[in-house]
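Dear colleague,

Please find below the structure that I am handing over to you. My notes on what was found in it follow directly after.

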Amino acid sequence: MANTRVAQRGLGTDGMLIALFLGIGVFYWLLVAARAMDPLISFHAYVFIIAFTAGLFGLVMYATKEPGDETGYQTAVVKAGTFASMFWGVAGFLVGVIIAFQLAFPNFLYFDELGWTNFGRLRPLHTSAVIFAFGGNVLIATSFYVVQRTCRARLAGGLAPWFVFWGYNLFIVVAATGYLAGVTQSREYAEPEWYADLWLTLVWVVYLLTFLGTIWKRKEPHIYVANWFYLSFIVTIAMLHIVNNLAWPVSIFSSKSYSLFAGVQDALTQWWYGHNAVGFFLTTGFLAIMYYFIPKRAERPVYSYRLSIVHFWSLIFIYIWAGPHHLHYTALPEWAQTLGMTFSIMLWMPSWGGMINGLMTLSGAWDKLRTDPVLRMMVVSVAFYGMSTFEGPVMSVRAVNSLSHYTDWTIGHVHSGALGWVGYISFGALYCLVPWLWKRKDLYSRALVEWHFWISTIGIVLYITSMWVSGIMQGLMWRAYNAFGFLEFSFVETVEAMHPYYIIRGTGGTLFLIGALIMAYNLWRTARGDLRAGEKRPAMAMQPALAE
């Protein structure tokens, strides 16, 4: 009997390039580990060595497998992205609840001998986990899904999408462990040190090339508007990241670096980055999700395609100028402060144009809000988008900012956008993706989605209203003077007055976390193919397994 030789897949050019880079990386980080100037970069050197070695081993395993069908859409990397999104989401929300209660009860889960339990280290861990780990994985996963369907083309780059996924999550691990260990360059939303920033830059360039390559080889002549929003998010974040993180390391064997900017230039660069990280990471990227998933779920076309194009171009031209409104009453020239305030007010128009476009997409399908809690969650997210993009320009006005700045009002504003807009549109996308990717007829339980929706909505309302009251009270107490011209209240008295509102904030965050845990269970059972017995389902429940 003749021997039959099993065909092997091989690596291809993309795999060989990745293998070469990983191999060079292993030797570089071995050198760093051997000559490290501080234990922090030594620890991260071993993290990179382990990750790169695992990557090389994974490439060998991939190359020796039988070649599979590579003509259809690439869904495995999107599945991995949905899992990572849910994992990092729950982790980030949990840390948020812990630090919320640490503000109310300073000794809550804080231990003197364990420095990483300090609020100062957990706070950036929370912000980065929910923005970059949870939100970033949602954006990568949904963008890879949407660009394939709207271009009718498989993801470009072969193994490049997998490099983007694993490389990005390696950055998250390095950043998170760095925060806990005390590695930080003290820049809001940009705390990771120089070596983590360089790694993310490389990963992001591959992400951009993969996305552009897919659009380049598209079979659909028209570029759908969601892809324009995704592309603006990818390109602008690359520019913001590179400029804001320009720094000179003490040594390639040290974790410490010094920014190339100083003084008011440093502050302006930081908030040019900081506000546009919100604008292009947390707004345009998630607007791309809105423009694909709401029409898809509602089975209706976008209300006005012309309005979506106007929304896109006006948003990206105006948003980039709004950062100086974070620096009212500082050393920044007043004309620059006024410029930021003016452009922030102008943002009302494109933001509300997009909100109206998203809501009006449901024309003729409003009845689905009664039977489809996933669609309801996404529509409520658009309402939160409209509310937060109204509140932001109001707070950018110098007279209002004199009351709101440095207070909890800002925290309430941020979380109305983060929990209500980003959180809910992300949840809605994940609820859509899991049945579509695993080819299930429906979610395991729509009733659990209802529970998730109402529990988390109550949590959001408790959170933002408590912070509104607390923040305005804070600002008024700080500026109160007595008849003799002295401050009416000491700082400690203002902290004491905020205590009950901090408890309410922690309670709201806990409810939001409970909702996310319910969602994680629901998605896990959905992926397994389970359907909850005895649950009523609408007659026209979507069956994406048949539609894909």
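For a chain of 548 residues, a compact globule would have a radius of gyration near 24 Å, and the chain agrees with this because its own value is 24 Å. The radius is taken over C-alpha atoms, and the globule rule is 2.2 Å times the number of residues to the power 0.38. The model is a predicted one, in which local features need pLDDT of at least 70 and side-chain atom pairs count only at pLDDT 80 or more, while totals for chains, interfaces and linings use all residues. Residues are numbered from 1 along each chain as its sequence is written, and side-chain values use heavy atoms, with hydrogens and water left out.

**The chain as a whole**

The C-alpha trace spans about 105 × 65 × 45 Å along its principal axes. The chain has 18 helices and 2 strands; these are DSSP runs numbered from the N terminus, with helices being H or I of at least four residues and strands E of at least two. Of the 548 residues, 55% are buried. Here buried means under 20% relative accessible area, exposed means over 50%, and partly exposed is in between (1.4 Å probe, protein chains only).

Among contacts with a separation of 6 or more, 83% are between residues 24 or more positions apart, where contact means heavy atoms within 4.5 Å. The chain exposes about 24500 Å², of which carbon and sulfur atoms supply 71%; the areas come from the Shrake-Rupley method with a 1.4 Å probe, and for residues only the protein chains shown count as cover. The mean positions of the 34 positive and 27 negative charges are 12 Å apart. Lys and Arg count as positive and Asp and Glu as negative, whereas His and the chain ends are not counted; the place of a charge is NZ of Lys, CZ of Arg, CG of Asp or CD of Glu.

**Helix positions**

Thr-283 is placed in helix α8, residues 263-298, and it counts as buried because its relative accessibility is 5%. The side chain of Thr-283 reaches the backbone oxygen of Val-278 at 3.0 Å. That is a polar contact, meaning a pair of N or O atoms within 3.5 Å; within protein, one must be able to donate a hydrogen and the other to accept it, and residues adjacent in sequence count only if both atoms are side-chain atoms. Leaving out residues up to four places away in sequence, Thr-283 touches Val-278, Leu-315, Tyr-319, Tyr-385 and Trp-421. Between Thr-283 and Leu-315, 32 residues apart in sequence, the C-alpha distance is 9.7 Å.

Leu-125 lies in helix α4 and is buried, with a relative accessible area of 11%. Beyond residues up to four places away in sequence, Leu-125 touches Val-95, Ala-176, Tyr-179 and Leu-180.

Val-400 belongs to helix α14, residues 398-404, and counts as partly exposed at 24% relative accessibility. Not counting residues up to four places away, Val-400 touches Val-394, Met-395 and Trp-409.

**Loop positions**

Gln-185 sits in the loop between α5 (160-181) and α6 (194-216). Is Gln-185 buried or exposed? Gln-185 is buried, because its relative accessible area is 14%. A polar atom of the Gln-185 side chain lies 3.0 Å from the backbone oxygen of Pro-192. Apart from neighbours within four places in sequence, the residues in contact with Gln-185 are Ala-190, Glu-191, Pro-192, Glu-193, Asp-197, Asn-245 and Ser-257.

Arg-218 is in the loop between α6 and α7 (225-244) and is partly exposed at 29% relative accessibility. A polar atom of the Arg-218 side chain lies 3.1 Å from the backbone oxygen of Glu-220. Arg-218 also touches Cys-151, Ala-153 and Ile-223, with residues up to four places away not counted.

Leu-109, in the loop between α3 (76-104) and α4 (119-151), has a positive phi of about 50 degrees although it is not a glycine; Leu-109 is partly exposed at 40% relative accessibility. Arg-152, found in the loop between α4 and α5, has a positive phi of about 55 degrees, again without being a glycine. Arg-152 is partly exposed, with a relative accessible area of 42%.

Yours sincerely
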